[in-house]
Amino acid sequence: MLIDFNETKEITIPGMNGGSGTMSARMFMDEQGKIIPTKIHPGGSIGLHKHETSDDINYVLSGTGKAICDGQEEILKAGTCHICKKSSQHSIENIGNDDLVLLTVVVER
């Protein structure tokens, strides 16, 4: 299967899960999960939320961020991967001056 994100409409989301600022994303979704190239813009964040049925894998392509997963802080930079396991809760914040660019994969289980 080939997914061409160049042909997928980009959406802008303000205050994702009660976070601040905006993010932009393109999304592929089916019953097994989601693949989401994401940009959290400077000053933006994804608010604290729980993953009841899935693992949330966030590979950092560029930018600088901070994730908090089950109360533990993780600094995000290009080449790192933040994983929020099923039944855990997390938030992600852009703490840099450029977009925090992530490839997010949500695996339902």
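Strand E6 (residues 54-62) is joined to strand E11 (residues 100-108) by 8 bridges, and the two run antiparallel. E6 is also joined to E9 in the antiparallel sense, by 4 bridges. Helices (H or I, at least four residues) and strands (E, at least two) are DSSP runs, numbered from the N terminus, and two strands pair if DSSP finds at least two bridges between them. The model is predicted: local features need pLDDT of at least 70, side-chain atom pairs count only at pLDDT 80 or more, and totals for chains, interfaces and linings use all residues. Residues are numbered from 1 along each chain as its sequence is written, and side-chain values use heavy atoms, with hydrogens and water left out.

**Strand pairing around E4**

- Strand E2 (residues 22-25) pairs with strand E4 (residues 33-40) in the antiparallel sense, over 3 bridges.
- Threonine 38 in E4 is the bridge partner of alanine 25.
- Strand E3 (residues 28-30) likewise pairs with E4 in the antiparallel sense, over 3 bridges.
- Glycine 33 in E4 is the bridge partner of aspartate 30.
- E3 and E4 are joined by a hairpin through 2 residues.

**Histidine 82**

- Histidine 82 belongs to strand E9 (residues 81-84).
- Histidine 82 is classed as buried because its relative accessibility is 1%; buried means under 20% relative accessible area, exposed over 50%, and partly exposed in between (1.4 Å probe, protein chains only).
- The side chains of histidine 82 and glutamate 74 are joined by a polar contact of 2.6 Å. A polar contact is a pair of N or O atoms within 3.5 Å; within protein, one must be able to donate a hydrogen and the other to accept it, and residues adjacent in sequence count only if both atoms are side-chain atoms.
- Apart from neighbours within four places in sequence, histidine 82 is in contact with Asp56, Ile57, Asn58, Ala67, Cys69, Glu74, Leu76, His90 and Ile92, where contact means heavy atoms within 4.5 Å.

**Nonpolar surface patch**

- Tyr59, Leu61 and Leu103 form a nonpolar patch on the surface, and together they have about 250 Å² of accessible area.
- Patches are made of residues with over 30% relative accessible area and no salt bridge, with like charges joined within 9 Å and nonpolar side chains (Val, Leu, Ile, Met, Phe, Trp, Tyr) within 5 Å.
- A salt bridge is a side-chain nitrogen of Lys or Arg within 4 Å of a carboxyl oxygen of Asp or Glu.
- Accessible areas come from the Shrake-Rupley method with a 1.4 Å probe, and for residues only the protein chains shown count as cover.
- Leucine 61 lies in E6 and counts as partly exposed because its relative accessibility is 47%.

**Positive phi in loops**

- Asparagine 17, in the loop between strand E1 (11-14) and E2, has a phi near 50°, a positive value in a residue other than glycine.
- With a relative accessible area of 39%, asparagine 17 is partly exposed.
- Serine 87, in the loop between E9 and strand E10 (89-94), has a positive phi of about 80° although it is not a glycine.
- Serine 87 counts as partly exposed, at 45% relative accessibility.
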